[in-house]
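Biologist: I would like to learn how to read some features here, one at a time. Shall we begin with the way helices pack?

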Amino acid sequence: MTQTAPAPTTPGVPEYTPLHRARLIAPGPVEVAPDVLLQLAQPQMHHRAKEGIAKLMEARSQLTQLLGDPYDAVITTTSGTGAFEGALISTTPPGARVVNAQAGKFSERWGEMAGRFGYDTRIVAAPWGHVLDPHEVADAARDAHTLLITHSETSTGALHDLQAIAAAARAQNPDLIIIADCITSYGVAELRPAAWGVDVIVSGSQKGTATPPGLGFVLFSPQVQERMIRNPEKGFYLDMTRELAGQKAGNTPQTPAINLIYALSTALERLLSVPLDVLWAEQRRKTDALIAAGTALGAPAWSPRTSPAVAVLTPPAGVTGRQVAGRLAEMGQRALPGQAPHEDTVFRVSTMGYADRYDALAIAGILEDAFAGLGVRFERGVAVQAAWAALKD
């Protein structure tokens, strides 16, 4: 049983802390493999050269393979938010009814975006840390044009049941367009959009694909492509109809971040070296190990249905999320507290990106050191043992 002792009067960080390896253990940006970074050190390539065109086409094909369904990929020189904006304005006409299902910081963003664009926006909300009710979402989407839904909510660690939500919503409204924020689930969690009836998948490079920030991904089903809007009123740079047509032909209307596309292709080679089921299961184990480690230290998961992308943990009484994240930062380990207004409610750690199961064990040990420095009493080794047990399951 863990207890909280009075906090030490001095930080107590050892003098040899600078020798620690700095780690990104936050849910994005994530650790990037050396061979991926080396792609960025090449002499500047040109995106219109035949090699650049070939690399664009290769990366688009790899993104489709990582999804597992025959959707067409568009690579944008944006974050995931830019990609989501392009998906929305290129599929949803002005003034249309849009339903936003939200239960955390990032899903709230899509409702705010739809409102700014003047859509008739309806909100279906659940408390942070909870999961969305598929039937509530479906009822709200009965007469909507588009549903905006987040699969893995990075602010709460919840994995919403996208399959059940999409099925319930489409049963009420067969013509509904479903756009899914899969920014931290793509390449990380089980995702079968064709079978689940999801039209558009959105993600970004700095998460599961373990590439530096700067690229967004939009993957369109064959069916939704027939309904995309030509020359959308609210978009020019983010006109995905024009961008998709260009990229299918090996072209881009604007200059792409070609250096990052080379890096992305190399990162995807690693992910595609195993079957998707294996990739998803291993990421699940790694995050389960972090959750088990946290639970052993008195810091259980916040959500009852956890995402394999991030462990969002509630610290024991007397310790705040900001204190845990701050202590880890003193140790050279970059994690995150909760998103406002829950900065003190939780802290967030992740093994997305260039990490394996042994990194999960290392994070378990790092959490023990951080908690000890915050005055939490526990038996040394419990977090590492709990992580090992989770990895063996």
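Modeller: An axis is a line fitted to C-alpha atoms, for a helix over the stretch in contact, and angles run from 0 to 180 degrees between N-to-C directions. Helices (H or I, at least four residues) and strands (E, at least two) are DSSP runs, numbered from the N terminus. This is a predicted model, in which local features need pLDDT of at least 70 and side-chain atom pairs count only at pLDDT 80 or more, while totals for chains, interfaces and linings use all residues. Residues are numbered from 1 along each chain as its sequence is written, and side-chain values use heavy atoms, with hydrogens and water left out.

Biologist: At what angle do helix α3 and helix α4 pack, and how far apart are their axes?

Modeller: Two packed helices are described by the angle between their axes and the distance between the axes. Here α3 (residues 80-89) packs on α4 (residues 105-116) at about 50°, and their axes are 11 Å apart. Therefore α3 is oblique to α4, given that angles under 35 degrees count as roughly parallel, over 145 as roughly antiparallel, 65 to 115 as roughly perpendicular and the rest as oblique. The crossing of α3 past α4 is right-handed; a crossing is left-handed if the near helix is turned anticlockwise from the far one by less than a right angle, and right-handed if clockwise. From α3, the residues T81, F84, E85 and L88 meet R109, W110, M113 and A114 of α4.

Biologist: What are the angle and the axis distance for helix α12 and helix α13?

Modeller: α12 (residues 321-330) and α13 (residues 357-373) pack at about 115°, with their axes 9 Å apart, which means that α12 is roughly perpendicular to α13. The contact (heavy atoms within 4.5 Å) is made by V324, R327 and L328 on the α12 side and by I366, L367, A370, F371 and G373 on the α13 side.

Biologist: Turning to the strands, in what order do the seven strands of the open sheet stand?

Modeller: Two strands pair if DSSP finds at least two bridges between them. In this open sheet the order is β3-β11-β10-β9-β6-β4-β5, with mixed pairing. β3 (72-76) and β5 (120-125) are at the edges with a single partner strand each, so one side of each is left without a neighbour in the sheet. Direction ignored, neighbouring strands of this sheet are turned by 20° against each other on average. Helix α2 (residues 50-67) packs on the sheet, where it touches β3, β10 and β11 (216-220), and its direction makes about 120° with that of β3.

Biologist: Is strand β9 mostly covered or uncovered?

Modeller: Buried means under 20% relative accessible area, exposed over 50%, and partly exposed in between (1.4 Å probe, protein chains only). β9 (residues 177-181) is mostly covered, since five of its five residues are buried. From this strand I177, I179 and D181 point one way, whereas I178 and A180 point the other way. β9 runs parallel to β6 (residues 146-150), to which five bridges join it, and T146 stands opposite I177. The pairing of β9 with β10 (residues 200-204) is also parallel, over three bridges, and there A180 stands opposite I201.

Biologist: Which residues does Q225 contact, leaving aside its neighbours within four places in sequence?

Modeller: They are D72, F220, L244 and K248. Q225 belongs to helix α8 (residues 222-225), and it counts as buried because its relative accessibility is 17%. Its side chain makes a polar contact with the side chain of D72 at 2.9 Å; such a contact is a pair of N or O atoms within 3.5 Å where, within protein, one must be able to donate a hydrogen and the other to accept it, and residues adjacent in sequence count only if both atoms are side-chain atoms.

Biologist: How should I read the backbone angles?

Modeller: Most residues other than glycine have a negative phi, and most peptide bonds are trans. A210, in the loop between β10 and β11, has a positive phi of about 55° although it is not a glycine, and N231, in the loop between α8 and α9 (240-248), likewise has a positive phi near 55°. A210 is buried at 7% relative accessible area, whereas N231 counts as exposed at 64%. A cis peptide bond joins G28 and P29, with omega about -10°, and another joins A340 and P341, with omega about 10°.
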